[in-house]
Amino acid sequence: MPIFTAPDGTELAYREAGEGEPLVVLPGGPLRASAYLGDLGGLAGRRRLILLDLRGTGGSARPADPATYRCDRQVDDVEALRVHLGRERLDVLAHSAGGSLAMLYAARHPHRVSGLVLVTVNPWALGRPATAAERLAAARLRRGEPWFDDAFPAFEAWLGGAGEADPAVVGPFFHGRWDDAARAHEAAADEQTCVEGEDRFLDPAAFDPPALRAALTRVAAPVLVLAGELDGGPRPERARLVADAFAHAEFAVQPGAGHYPWLDDPDRFTGRVGDFLEAAGRADAAPRD
């Protein structure tokens, strides 16, 4: 895996997949290794994916200072990756908790972002995360599926703070299709996640929602916010708050999708995201007055 060095000396790694113009991909989790993203349902057929392993995950080293797991402290890592790649501007795709990092990066370095895709992003950074009631409402949409009656009580208990939930039991609520691929995806989560930094990443001290909202209105790059119809964290109406934070953003809901839309319908996902990025590239290449 290619390696570069963050400003604090931490060695960070990334995976590459595909060819063409690079697309930097920021994983969620929080702090889950980029392996869970695969090739984003075949998006590597349209772009060269640069899938960053955030510090402490995958091939990246654990930092000497655990405080640097905090989301805002990792903005400098993304900027170091841009410099390492030799790019003036980056197209960025972020999933879930990685969207908080992407928004902070866009706010701090708006002129370094040429296009931004935010996939099922829970608006933690904006101070408006999904509620337990919203997650339960989304879960009830799955009533009638064969696993629902066994899974729902465990999911409800987990949201109520009754300990850890078995991914094999509550995992279906995060996927539009609970098939073998989804089961394998959930089963790998624990070993792919940096437990040391997981809670630190979304430390409320990392975020200043009013300041972030003000900064995001100045982001001129095209933005796509993609929600999953069946996702509970965030529900589509909650994800729309992310789109509303930008002056100009497209908002789309993928039918039948949960929290991982590239698994639920790869063709629909890669088509929507790939077409957006192509249009963003044409806009970025257009002459400026």
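Trainee: Which residue just after α1 takes a positive phi?

Mentor: Gly 86, with a phi of about 70°. Residues are numbered from 1 along each chain as its sequence is written, and side-chain values use heavy atoms, leaving out hydrogens and water. This is a predicted model, where local features need pLDDT of at least 70 and side-chain atom pairs count only at pLDDT 80 or more, while totals for chains, interfaces and linings use all residues.

Trainee: Which residues of helix α1 are buried?

Mentor: Helices (H or I, at least four residues) and strands (E, at least two) are DSSP runs, numbered from the N terminus. Buried means under 20% relative accessible area, with exposed over 50% and partly exposed in between (1.4 Å probe, protein chains only). In α1, residues 75-85, the buried ones are Val 75, Asp 77, Val 78, Glu 79, Ala 80, Leu 81 and Arg 82.

Trainee: Which residues touch the most other members of the largest nonpolar core?

Mentor: A nonpolar core joins buried Ala, Val, Leu, Ile, Met, Phe, Trp, Tyr and Cys residues through side-chain atoms within 4.5 Å. Here the largest has 47 residues, and Leu 26, Met 103, Leu 116, Leu 118, Leu 216 and Phe 246 touch the most other members. Helix α2 (residues 98-108) supplies the largest share of this core, six residues. A second, separate core holds 34 residues, including Ala 17, Leu 136, Phe 155 and Val 273.

Trainee: What does Phe 246 touch?

Mentor: Leaving aside residues up to four places away in sequence, Phe 246 touches Met 103, Leu 116, Leu 118, Leu 216, Val 219 and Val 223.

Key. Contact = heavy atoms within 4.5 Å.
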